[in-house]
Amino acid sequence: MAEFLQQFVNGLAVGGIYALIALGYTMVYGVLKLINFAHGDLFTIGAYLGLTLLTSFGLADRVGPGVAVLLLVVMVMGFVAVIGIILERVAYRPLRNSPRLSAVVSALGASIFFQNAVMLIYGARFRVYPQNLLPKISLNLLGIYIPLVKILVLVVCVIMMVGLYLFIQRTTIGTAIRAAAIDQEAARLVGINVDGVITLVFIIGPALGGLAGLMVGILYGQIKFTMGWIYGLKAFTAAILGGIGNIPGAMLGGLILGVVEALGSAYISIAWKDAIAFCVLILILVVKPTGLLGERVAEKV
Amino acid sequence: MALLSVQRLTKSFGGLLAVHNVSFDVFSGEIVGIIGPNGAGKTTVFNLITGIYKPDQGEIVFDQHSIVGKAPHDIVKLGIARTFQTIRLFSNLSVLENVMAGAHCRMSSGVLGAMLRLPGQRREEREKIEEAMELLGLVGLQDFYDYLAGSLSYGNQRLLEIARALATHPRLLILDEPAGGMNERETEELIKLIGKIRDKGVTVLLIEHDMNVVMKICERIVVLEYGSTIAEGTPEEIQSNPRVIEAYLGTDEDE
Amino acid sequence: MKFNRKRFYLAAVPIFFLVPLILNPYWVDVLNSIGLYALLGLSLNLIVGYAGLFNLGHAAFYAVGAYTSAILNTTYHIPILLLLPVAGLAAGIFALIVARPIIHLRGDYLCIVTIGVGEIVRIALINDVFGITGGANGIFGIARPRIFGMVIRTPHQFFYLIWLFVAITVFLFYRLEDSRVGRALNYIREDEMAAEACGINVAHYKLISFVVGATWAGMAGNIFAAKMTIISPESFSFWESVLMFTLIILGGAGSIEGVLLGAFLIIGLPEIFRELSNARMLFFGAAMIAMMIFRPEGLIPPVPKKYRVFSGTDRGETT
């Protein structure tokens, strides 16, 4: 039972990260109907940026670990958001009126570009995060020890998700985003600045993705330039699982996928860990393409 | 015995009742028109007959067999071909290749036949190209056979869609606003063409907004409004039917 | 001057087959790699170029062909080249099983699922599935191919084996392109619903494109296994699929000449600019974006097919 709970909590932490990345996929898909293949690589950039700020700028030594982590979060989110805006301007906006699959190729190209840019800048090997950033304490809950960092990750994920949900549901700008997702043309007609909405989506999504990258660096301590690809695919799976275009769905999908994966690798086989997510992905698309919470049909009649 | 019998057809989209209890028959050799104001459910009826949508309720009988639930390509094979309201040609392919698409279901060669160029495959290609050229002759596009379909004028694209549909050798040809976007002269030619097609033994069912076309060529007319049939009869009967005048012709003049 | 395909090949092929005589083994080996990727590109082109289906898991079919050949060769000592059709068949059947449930998915979803399939296959190979794939180390000791008692060993010998197969493939695929099946795939790429409304069984032809494409990739896998004598899962990673996909998009999707050019550029250029070879994927990524914006049809887009017909007026006189 303790083993089960342990894995469950591990799964929740990873799942929270998947959910954060999935939000980026699902928001972009909601508004542009585009799978932003480069999103996973924005996550990678977030992780490496955090590394640079910590090591090259010695952020933690200058301001102390607590403030450093806060500063890191803000800086990484801001910087990755800027890259997100540039990505949209350069690779997607010129293709707004092209066939859908042209944009998919462009997204793939952007993904390849980012991934290799990171490799050329930081090298192809694993890079290690400073270990002394957060105190290594574990909390004893219900008889299992949970590292503080995992709890922090989960808390940050939940705060971000709830914040985003409230923003989308309760504010005027959030309403504009939802309107643009339902019908871009109609939204334009009633005076919504759809270009502005798209830019905003490419600020929020990448910022959350970059934050997820930072948290993976802090949580696992090592990062690699290819990691965005596998995390990206899994987050995309989470988005589909919850129902693409659906924000609470992405959160739910991420948490479920994280837990399923953690339990699967504990009780079935760790070697097949990555295959589990892909099987979930294929199964969902074949059996229920609308996902758990989605009303939107993921395929045309 | 009707060639096509639509019985109490009903279809809704997310609570919106697009087609409600629509029934009509089309007899062999007829030209039948479906008219009605925008949003009356005409195109939805066509999409139901051709298998693109599945009806919620009702029956569609073609040549004494139910075709409800059959895939669109199987319905084509049974003898129902169609054109689209918004032209759907393969615009980056040549005019001839577009017509050959219709001939596809009457050909049989497969991957190996193509790679090995077996004599049967070559004969089939020759025959069908010749047939396609004949159909292009019928609609008057034979000189454009190697043009890209997308480069044709609007009116000619509509004619090409008809040729493509005819290449399936249909018994029932369904035309969705064939005169849409055509000028007067083209429309006159179209009326003649539809007559010729019927004389070849093809039954025609069409949606058309141009009352001139409908009254000239249709022998019977079905009028839809808000997804339901409100009248059915000869052009004369329809023109003098008060409900039709109120529902359709009246609103048409306001536009 | 219009491009005359027949004249081009009549001039280019003999020259090309003489080229190895003046090249050292290193460069001949580069040409061999180009040949293999040309084969893979041509096979993937049936799916991506003709039918317009985005398949980013093509390496899975390549792997099935290579592993089938390697396993049968090392366990039962069946000559590797005799296994060529077996490798193709295995990959084709695998494609049929895998593609069948996903074939109706819309473009970008299909794309994601093919990535998933490719990864599952690679993970399965690493995990030594059924205890026959040799795990992460792969399979070694594959016997060299023999033709009429002659062992094929040097890059020069492989050059003729590989490029002969490329030539046959090009020949057959031109015929396929210009046929009922080829046209059906093009109709589907242009407008699925219109194709269906013309009586074309869209799902069936999509499957055909996958099965034939996979069959050819499987045969390419056989030749790859014969050439390397060692195969391991890392040769069939996602990046292989991306490479095959990229060369098609850059060269010209749906165009055989385009795919051949794409293979030369994607595999050949990094060899010429060796000092930049680390940056080659960076460059390709940027090129993909630029290509979609400025020239989405690729460097050599497919030319409209010409048909021999009697002109309308001639017909009037003869009949």
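Colleague: What makes up chain B, in helices and strands?

Modeller: Chain B has 10 helices and 10 strands. Keep in mind that this is a predicted model.

Colleague: Why is chain B said to agree with a compact globule?

Modeller: Set the value against the rule. A compact globule with 255 residues would have a radius of gyration near 18 Å. Chain B has 19 Å, so the value agrees. Along the principal axes, the C-alpha atoms of chain B fill a box of roughly 65 × 40 × 35 Å. Of the 255 residues of chain B, 47% count as buried. Take the contacts in chain B between residues at least 6 apart in sequence: 66% of them join residues at least 24 apart.

Colleague: Why is Ala163(B) called buried?

Modeller: Count its neighbours. Ala163(B) has 25 other C-beta atoms within 10 Å. The cut-off for buried is 20 or more. The count passes the cut-off, so Ala163(B) is buried.

Colleague: Where does Ala163(B) sit, and what does Ala163(B) touch?

Modeller: Ala163(B) lies in helix H6 of chain B, residues 154-166. Leave aside residues up to four places away in sequence. Ala163(B) then touches Val99(B), Leu135(B), Leu136(B), Leu138(B), Val139(B) and Leu141(B). Take Val139(B) as a case: 24 residues separate Val139(B) and Ala163(B) along the chain, yet their C-alpha atoms are 6.7 Å apart.

Colleague: How is chain B divided into domains?

Modeller: Domain 1 covers 1-79 + 170-255, and domain 2 covers 91-167. These bounds come from an automatic or database domain assignment. The C-alpha centres of the two domains of chain B lie 27 Å apart.

Colleague: Now the chains together. How do you know that chain A and chain B do not touch?

Modeller: Two residues are in contact if their C-beta atoms lie within 7 Å. Chain A and chain B do not touch, and their nearest C-alpha atoms are 8 Å apart. Two pairs of chains are in contact, and chains A and C share the most contacts.

Colleague: What makes up the contact between chain A and chain C?

Modeller: The contact takes 35 residues from chain A and 32 residues from chain C. On the chain A side, helices H4 (65-92), H5 (100-122), H10 (227-242) and H12 (273-287) each supply at least two residues. H5(A) has the largest share, 14 residues. That side of chain A has 26 nonpolar, five polar and four charged residues.

Colleague: How many residues of chain B are in contact with chain C?

Modeller: 35 residues of chain B are in contact with 31 residues of chain C. Helices H2 (72-78), H3 (95-103), H4 (111-116) and H5 (119-139) of chain B each give two or more residues to this side. The largest share, five residues, comes from H3(B). This side of chain B divides into 16 nonpolar, 11 polar and eight charged residues.

Colleague: What makes helix H7 of chain C mostly covered?

Modeller: 11 of the 11 residues of H7(C), residues 180-190, are buried. Among them are Arg180(C), Leu185(C), Tyr187(C) and Glu190(C). The buried residues of H7(C) pack against H3 and H4 of chain B, and also against helices H2 (25-50), H6 (155-177), H8 (192-197) and H9 (202-228) of chain C.

Colleague: One last word to check. Why are H6(A) and H9(A) called roughly antiparallel?

Modeller: Look at the crossing angle. The axes of H6(A), residues 148-170, and H9(A), residues 194-220, cross at roughly 170° and come within 10 Å. Angles over 145 degrees count as roughly antiparallel. H6(A) and H9(A) are therefore roughly antiparallel to each other. Residues of H6(A) including Val153(A), Met160(A) and Leu164(A) meet residues of H9(A) including Ile204(A), Leu208(A) and Met215(A). The contact of H6(A) with H9(A) has 11 nonpolar residues, no polar and one charged.

Key:
Residues are numbered from 1 along each chain as its sequence is written. Chains are lettered from A and ligands numbered from 1 in the order in which they are written. This is a predicted model: local features need pLDDT of at least 70, side-chain atom pairs count only at pLDDT 80 or more; totals for chains, interfaces and linings use all residues. Helices (H or I, at least four residues) and strands (E, at least two) are DSSP runs, numbered from the N terminus. Ala, Val, Leu, Ile, Met, Phe, Trp, Tyr, Cys and Pro count as nonpolar, Asp, Glu, Lys and Arg as charged, and the others, Gly among them, as polar. A residue is buried if 20 or more other C-beta atoms lie within 10 Å of its own, exposed if 12 or fewer, and partly exposed in between; C-beta atoms are placed from the backbone. The radius of gyration is taken over C-alpha atoms; the globule rule is 2.2 Å times the number of residues to the power 0.38. Axes are lines fitted to C-alpha atoms, for helices over the stretch in contact, and angles run from 0 to 180 degrees between N-to-C directions. Angles under 35 degrees count as roughly parallel, over 145 as roughly antiparallel, 65 to 115 as roughly perpendicular and the rest as oblique.
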